[in-house]
Amino acid sequence: MATTETLVLQVDGMHCGSCALLIDDTLEDLPGVLSTQTTVKKGISTVELDADRSSVEDVVKAIEGLGYRASPRP
C-alpha cells in the first residue's frame with residue numbers, strides 16, 4: 001500500500017505564472033508525485049507524494065534544478 005503524504009514547500013525565486021507551471025510540470029514527471037499545485041503569490045508548492053517512490057529530497061532537488069530555492073514548511 002502506498003504511503004501518501006502532502007508536502008508543503010516554500011519556493012523562492014518565482015516571479016510569474018510560467019515559473020509555477022514549469023515547477024508543476026517538472027514535479028509531475030517525478031515517480032510517485034500524484035498531484036502538485038504551485039502558487040506564485042503565496043510562494044508555495046503543495047505536492048501529494050507517494051513516499052515509497054520519491055522522497056522530499058527528490059522533490060526539493062527537482063525544484064532547485066530549475067533554479068529556484070525550495071524547503072519544506074513546518
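Contact here means heavy atoms within 4.5 Å, and helices (H or I, at least four residues) are DSSP runs numbered from the N terminus. The model is predicted, so local features need pLDDT of at least 70 and side-chain atom pairs count only at pLDDT 80 or more, while totals for chains, interfaces and linings use all residues. Residues are numbered from 1 along each chain as its sequence is written, and side-chain values use heavy atoms, with hydrogens and water left out.

**View 1. Contact of helix 1 with helix 2.** From helix 1, Ile 23, Thr 26 and Leu 27 meet Val 59, Ala 62 and Ile 63 of helix 2. By class, five of the residues in this contact are nonpolar, one is polar and none is charged (Ala, Val, Leu, Ile, Met, Phe, Trp, Tyr, Cys and Pro count as nonpolar, Asp, Glu, Lys and Arg as charged, the others, Gly among them, as polar).

**View 2. Crossing of helix 1 (residues 17-28) and helix 2 (residues 56-64).** The two axes, lines fitted to C-alpha atoms over the stretch in contact, come within 10 Å and cross at roughly 135 degrees, with angles running from 0 to 180 degrees between N-to-C directions. Helix 1 is therefore oblique to helix 2 (under 35 degrees is roughly parallel, over 145 roughly antiparallel, 65 to 115 roughly perpendicular, the rest oblique). The crossing is right-handed, the near helix being turned clockwise from the far one by less than a right angle.

**View 3. Cys 16 and Cys 19.** The structure holds zero disulfides, a disulfide being a pair of cysteine sulfur atoms within 2.5 Å. The sulfur of Cys 19 lies 3.7 Å from that of Cys 16, its closest cysteine sulfur, which is too far for a bond. Cys 16 is partly exposed, at 34% relative accessible area, whereas Cys 19 is buried, at 5% (buried is under 20%, exposed over 50%, partly exposed in between; 1.4 Å probe, protein chains only).

Key:
Helices (H or I, at least four residues) and strands (E, at least two) are DSSP runs, numbered from the N terminus.
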